[in-house]
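Subject: Structure handover and notes

Dear colleague,

I am passing on the structure we spoke of, together with some notes on what was found in it.

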Amino acid sequence: MHAHRQVHFIVNMTQRSYADHGYAWVILGACFFMYMLLLGSIKSFGILYSEILLTTDNGAGSTALIGSSAGFIQSLTGPFSIFLAVRFSFRSVCLLGGVFLCLGYVTSALIHNVLYWYLTYSVIAGFGYGLAYVPCTTLINYYFERNRALANGIVLSASGVGGFLFPHIYRFLLDRYALSGAMIILGGVMLNICVAASFLRQPLEFTGSQSSTNKTGKSQEVPKTCRELVFRKFCVCGSDVLRDLRFLFISMAFCLTALSYSAYFYTFPSFLESENVGKSTTVFIFSLTGVCEIFARVAMGWFTDLRILSPTCIYGICMVVSGVATLAVPLLHQTTIYYIYAVIVGIFPGSFYALMSVIILETIALKNLPSAFAIITIFIAVFSLLGIPCLGWIEDLTKSWDNVFFITGVLQLLAAMVAFSVSRCFDTNTSDNDIVIEQGKAEAADDKLLGGEKEAGIE
């Protein structure tokens with residue numbers, strides 16, 4: 001037990017030494033680039049969506065099912081990718097994700113029947129998204145402590161960069177090379193995820209054997225048992241997370257937000273084209289959301305770190321503003337309103353993902369973050385798989401996108417109600433005593449697990 005407490009001290013001491021500076025910023029840059037490619041392509045599926053509707057006989061619902069199925073596979077892959085990242089390395093998992101993404105895009109280009117995209121894009125590319133996405137968004141939390149919300153905001157602002165660049169890239173490639181040629185080129189673009197992933201390093205919490213220097217200058221070795229202990233803790237902490245009612249309610253709010261937010265990127269380009277605003281204007285309005293996200297997510301992370309309001313309360317306010325704006329769009333039908341709405345989406349619900357990890361950490365301990373993030377992605381996957389095609393089928397039946405806006409606006413307001421119900425808006429400070437208690441609980445849990453391993457003859 002004493003030896004294990006020494007290991008726990010060494011890990012914590014080393015973690016404090018590299019957090020918030022040094023190579024942590026390289027990790028931040030790599031995650032930023034990967035997130036730009038991942039989210040930029042995901043958000044630009046709406047451009048492909050409208051192109052498929054124009055060039056094939058596929059209905060809005062069945063075409064939306066291609067994208068939502070990819071999101072479903074991505075989310076189901078999330079827990080699997082975290083297990084692999086903990087067991088092997090974040091770098092190797094993200095590298096593999098980049099390869100699968102390239103394969104999925106290129107094989108989609110070689111198939112003329114769009115129905116086969118359920119295999120090539122939904123399954124293969126979706127699997128690649130899942131392998132790269134969750135490790136990318138989780139890793140940054142182990143390299144930043146004091147500036148964690150800001151770091152998350154910077155990384156997730158890459159979604160805005162991608163959201164601005166990729167619609168223009170997609171539109172250019174589709175106009176120049178048609179659907180098949182565009183998908184081949186995009187496959188090569190997605191392979192650059194492997195380049196960024198090569199810069200990743202495994203956090204000390206998940207390394208098998210790391211040396212650390214103590215105050216006397218002597219090198220101390222962190223035993224291999226550390227990796228086995230962390231991996232075993234990861235396997236069992238999911239049940240603890242699921243017993244937390246506050247976490248479950250926040251997960252419900254996240255699901256409602258993710259469905260309505262994702263629906264925007266599927267339906268808004270097609271809605272704009274149905275309003276006869278023109279393809280170039282559609283891309284420009286659509287890309288405004290990405291531009292706003294670049295600054296909004298960083299600003300939201302900075303504002304959250306000020307601790308004026310709790311992250312959950314900030315999230316609830318964002319959902320109220322976005323929900324009201326969404327309900328207003330089908331009532332006004334003015335081009336100026338579409339510009340304003342694109343900006344609002346980029347600032348308010350666009351900041352949701354910048355707050356996601358911080359909000360989760362209000363309800364669970366950092367050691368449970370990987371499993372909690374994986375659980376939430378599964379919840380979101382189910383909502384998106386069922387919800388987004390249903391929105392498309394509503395358009396097929398009514399021949400109008402107006403009802404889709406009414407539904408998604410209500411969903412965002414419901415998410416705000418759930419967030420406010422579980423948030424103590426102005427109670428944002430955690431006492432030092434609470435931190436000590438939490439660390440004591442973590443050490444006690446580690447000792448219990450380690451003792452179980454000794455009894456089983458692992459050591």
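This is a predicted model: local features need pLDDT of at least 70, side-chain atom pairs count only at pLDDT 80 or more; totals for chains, interfaces and linings use all residues.

Residues are numbered from 1 along each chain as its sequence is written, and side-chain values use heavy atoms, with hydrogens and water left out.

As for confidence, the mean pLDDT (the predictor's confidence in each residue, from 0 to 100) of the protein chain is 79, and 81% of its residues reach 70 or more. Two stretches deserve a careful reading. Over residues 209–226 pLDDT stays under 50, and the model has 35 contacts beyond four places in sequence for them, a contact being heavy atoms within 4.5 Å. Over residues 426–459 pLDDT likewise stays under 50, with 37 such contacts in the model.

The protein chain has 17 helices and two strands, these being DSSP runs numbered from the N terminus (helices are H or I with at least four residues, strands E with at least two). Of its 459 residues, 56% are buried, where buried means under 20% relative accessible area, exposed means over 50%, and partly exposed lies in between (1.4 Å probe, protein chains only). The accessible surface comes to about 18,500 Å², of which 66% belongs to carbon and sulfur atoms; areas come from the Shrake-Rupley method with a 1.4 Å probe, and for residues only the protein chains shown count as cover. Among contacts between residues at least 6 apart in sequence, 85% join residues at least 24 apart.

A60 is buried, with a relative accessible area of 4%, and it touches Y49, L53, G392, E395, D396 and W401, leaving aside residues up to four places away in sequence. A60 and I394 are 334 residues apart in sequence, yet their C-alpha atoms are 8.9 Å apart in space. S270, in helix α10, also counts as buried, at 9% relative accessibility, and with the same exclusion it touches Y49, S50, L53 and W401.

Turning to helix packing, the axes of α12 (residues 311–332) and α14 (residues 352–363) come within 9 Å and cross at roughly 145°; axes are lines fitted to C-alpha atoms, for helices over the stretch in contact, and angles run from 0 to 180 degrees between N-to-C directions. The contact is made by P311, T312, I314 and Y315 of α12 and by F352, L355, V358, I359 and E362 of α14.

Finally, there are two backbone angles to check. Most residues other than glycine have a negative phi. N276, however, which is placed in the loop between α10 (245–274) and α11 (279–305), has a positive phi near 60°, and at 70% relative accessibility N276 counts as exposed. R307 also has a positive phi near 60°; R307 is placed in the loop between α11 and α12 and is partly exposed, with a relative accessible area of 35%.
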